[in-house]
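Subject: Structure handover

Hello,

Here is the structure you asked about. Please open it alongside this note; my findings follow below.

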Amino acid sequence: MLKLLAENIAIDRGGRRVFSGLSFDLDAGHALIVTGQNGIGKSSLLRTLAGLVPPTEGTLRLQGGETERSPAEHAHYFGHQSAVKPALTALENLEFWRDFLQPARPQAFSGFPVATDAALEMLGIGHTARLPAAYLSAGQTRRLALARLFVCPRPIWLMDEPTSALDTASEALLLTLMQDHLTHGGMILTATHTPLALRPSRTLHLEAADPADMPSADGEPDSLEEIYG
Amino acid sequence: MSERPLPWAMTLLRRELRLSMRVGGGAQVGVLFFLAVVTVIPFGLGPDMNLLARIGPAILWIGALLATLLGLDRLFQADRDDGTLDLMLMAGRPLELVVLTKCLAHWLATGLPLVVAAPVLGIFLNLQPLAMGAVTLTLLVGTPALTLIGAIGAALTVSLRRGGLLLAVLVVPLAIPVLIFGVSAANAALVVGTPFRAPFAILCALSLLAAVIGPVASAMALRFSSD
C-alpha cells in the first residue's frame with residue numbers, strides 16, 4: 001500500500017521559519033487540499049515534497065514506493081512555471097519529458113503511460129502538436145505542461161494552483177483527470193484557493209502558529225514571496 | 001532493466017542541440033564574437049606580419065576563451081527561468097550526467113564551431129599551416145575544459161540576474177591553466193626547440209579533469225540553487 005508520511009516538518013525560507021511541526025499522512029487514492037492565506041507556505045510545502053527545498057526539520061517518507069528512489073522521484077510537480085520551451089513544438093516538448101523523466105510505477109499504482117498524441121488530444125490541444133510552443137496561449141501552454149503528467153506515470157501529483165489560467169471547461173476537464181488519477185491509486189497534493197471537488201479528499205489548512213508571524217493583511221511582502229519563492 | 005543504456009541522455013542531447021540551433025538559441029553568437037575579436041586585432045596591431053604570426057595562437061586562444069564565456073550564463077539559467085531545472089532535479093536521473101550531457105551539447109553547439117573557424121581565422125593572423133594545425137588541435141582538446149569549468153560558474157550564478165559578469169570573474173582564474181598550456185603547445189609549431197607533447201598532454205589532462213570536477217561541482221551548486 002502506498003502511503004506518504006510527513007512527520008514534524010519545519011521549513012525555513014530566507015532565514016524565516018515558514019512553518020514547523022507539520023505532520024500528515026496520505027493514502028493512495030486520496031487527495032490532500034492545502035489551503036491557507038498567501039505567504040503561509042503552501043508553495044513551500046509542495047516544493048519541499050518535490051525535493052526542491054530541503055526541510056529544516058522532520059522527515060518525509062513514502063511507504064510502498066520503489067526502493068532506492070526518493071519520494072520526489074515518485075512525484076510530478078505542476079507549479080506556476082510550465083517548463084515549456086517556446087522554440088520547440090508542443091510535441092517535441094512533450095516527447096522530451098516522456099523520455100527524460102523516469103516513470104515510477106509502484107505496485108499499488110495502476111496509472112499507465114498515455115501516448116504523446118493522445119495526451120495532447122485528451123487535453124484539447126491536439127491541433128497544436130506541430131506548432132512551436134511560442135504560439136500557444138497561456139492556457140494552452142498550461143495544458144501542454146499538464147500533458148507531461150500523463151505521458152510519464154508517477155503516483156504523486158504536486159499541483160500548485162492547478163486551475164490558474166484555465167477556462168471553466170478546462171477546469172472541469174482537469175478535475176475529471178485528477179479524479180481518474182485518484183481512482184488509479186495515485187495521490188494528489190494541491191494548493192488552491194478555488195474549491196476542488198475531489199473525492200476522497202482531506203483539507204490541510206495552514207495557519208500561522210504565532211500571531212506575530214501572521215502575514216500582514218495587505219499581503220504585500222508575502223504575495224511577493226508567493227511569486228518569487 | 002531492459003532499457004538501452006542512457007537513452008534519456010540522447011534525448012536530452014538532441015533537445016539541447018535543437019534548442020541552440022533554433023531562433024534565439026544563440027549558438028552562432030559565440031563564433032561571430034570570435035570572428036569579431038580576431039579580425040580587429042590585426043587592425044589594432046598594424047601591418048607587422050611577423051608579430052602577428054608570433055602572437056597569432058595566443059590571440060586565437062584568448063578569443064576562444066572570451067567567446068566561450070559569452071554564452072555560458074544561459075547554460076542553466078534558461079532552464080531555471082521556465083521551471084525546467086526543477087523538473088530535471090526530480091527526474092530521477094543522475095544530475096552529474098545531466099550536467100555533463102548539457103555541457104557536451106553546449107560544446108558541440110558553441111565550442112566546436114570555434115575550433116572549425118580557427119584555421120580560417122588563422123589566415124587573418126598570417127599563421128603558417130603547421131601553426132594553424134597546432135592551434136586547431138589544441139583548441140579541439142582544450143575548449144571542452146573551458147565549457148566544463150565554465151559550467152561550475154554558470155551553476156553558481158544560476159539564480160542571479162545578470163550573473164554573466166560574475167561568471168566571467170569566477171571562471172577566468174580557473175581557465176588560466178588551460179590557456180597557458182594551450183598556447184604553449186600551439187607555440188611549439190612556431191618556435192623551434194620548444195616541446196609540444198608535454199604541454200599538450202597536460203592540456204588533455206586538464207580537459208579530462210574538468211570533465212570530472214565540472215559536472216560534480218555544478219550538480220552540487222544546482223541542488224542548492226533550487227531553494
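I start with chain B and its record. UniProt, in an unreviewed entry, places the feature "transmembrane region" at residues 21-45, 51-76, 97-124, 130-158, 165-192 and 198-222 of chain B. Bear in mind that this is a predicted model.

How much helix is there over residues 51-76 of chain B? The chain is 96% helix and 0% strand there. The end C-alpha atoms of that stretch are 40 Å apart. Residues 165-192 of chain B come out at 82% helix and 0% strand. Their end C-alpha atoms are 39 Å apart.

Next, look at helix H9 of chain B, residues 197-225. H9(B) has 29 residues. From first C-alpha to last, H9(B) reaches 41 Å, close to the 42 Å expected at 1.5 Å a residue.

Now the contact between the chains. Chain B puts in 23 residues and chain A puts in 22 residues. On the chain B side, helix H1 (7-21) and helix H5 (84-89) each supply at least two residues. Which element gives the most to that side? H1(B) does, with seven residues. By class, the side of chain B that touches chain A has nine nonpolar, seven polar and seven charged residues.

The five-stranded sheet

This sheet of chain A is open, with parallel pairing and the order S5-S6-S7-S3-S8. Strand S5 (75-78) and strand S8 (201-205) of chain A are the edge strands, and each pairs on one side only. Neighbouring strands of the sheet are turned by 15 degrees against each other on average, direction ignored.

Some pairings to check on screen:

- S5(A) and strand S6 (residues 156-160) of chain A pair in the parallel sense over four bridges. Tyr77(A) stands opposite Leu158(A) in S6(A).
- Strand S3 (residues 31-35) and strand S7 (residues 187-191) of chain A run parallel and are joined by four bridges. Ala31(A) has Ile188(A) in S7(A) as its bridge partner.
- S3(A) and S8(A) also run parallel, with five bridges between them. Leu32(A) has Arg202(A) in S8(A) as its bridge partner.

Helix H4 of chain A, residues 138-151, lies across S5 and S6 of chain A. H4(A) runs at about 175 degrees to S5(A).

The three-stranded sheet

The other sheet of chain A is open too, with antiparallel pairing and the order S2-S1-S4.

Strand S1 (residues 3-13) of chain A runs antiparallel to S4(A), and six bridges join the two. Ala10(A) stands opposite Glu57(A) in S4(A). Helix H1 of chain A, residues 42-49, lies across S1, S2 and S4 of chain A. H1(A) runs at about 120 degrees to S1(A).

Best wishes

Conventions:
Residues are numbered from 1 along each chain as its sequence is written. Chains are lettered from A and ligands numbered from 1 in the order in which they are written. This is a predicted model: local features need pLDDT of at least 70, side-chain atom pairs count only at pLDDT 80 or more; totals for chains, interfaces and linings use all residues. The expected span of a helix is 1.5 Å times one less than its number of residues. Two residues are in contact if their C-beta atoms, placed from the backbone, lie within 7 Å. Ala, Val, Leu, Ile, Met, Phe, Trp, Tyr, Cys and Pro count as nonpolar, Asp, Glu, Lys and Arg as charged, and the others, Gly among them, as polar. UniProt positions are given in the numbering used here, feature names are shortened, and annotations may be inferred rather than shown by experiment. Two strands pair if DSSP finds at least two bridges between them. Axes are lines fitted to C-alpha atoms, for helices over the stretch in contact, and angles run from 0 to 180 degrees between N-to-C directions.
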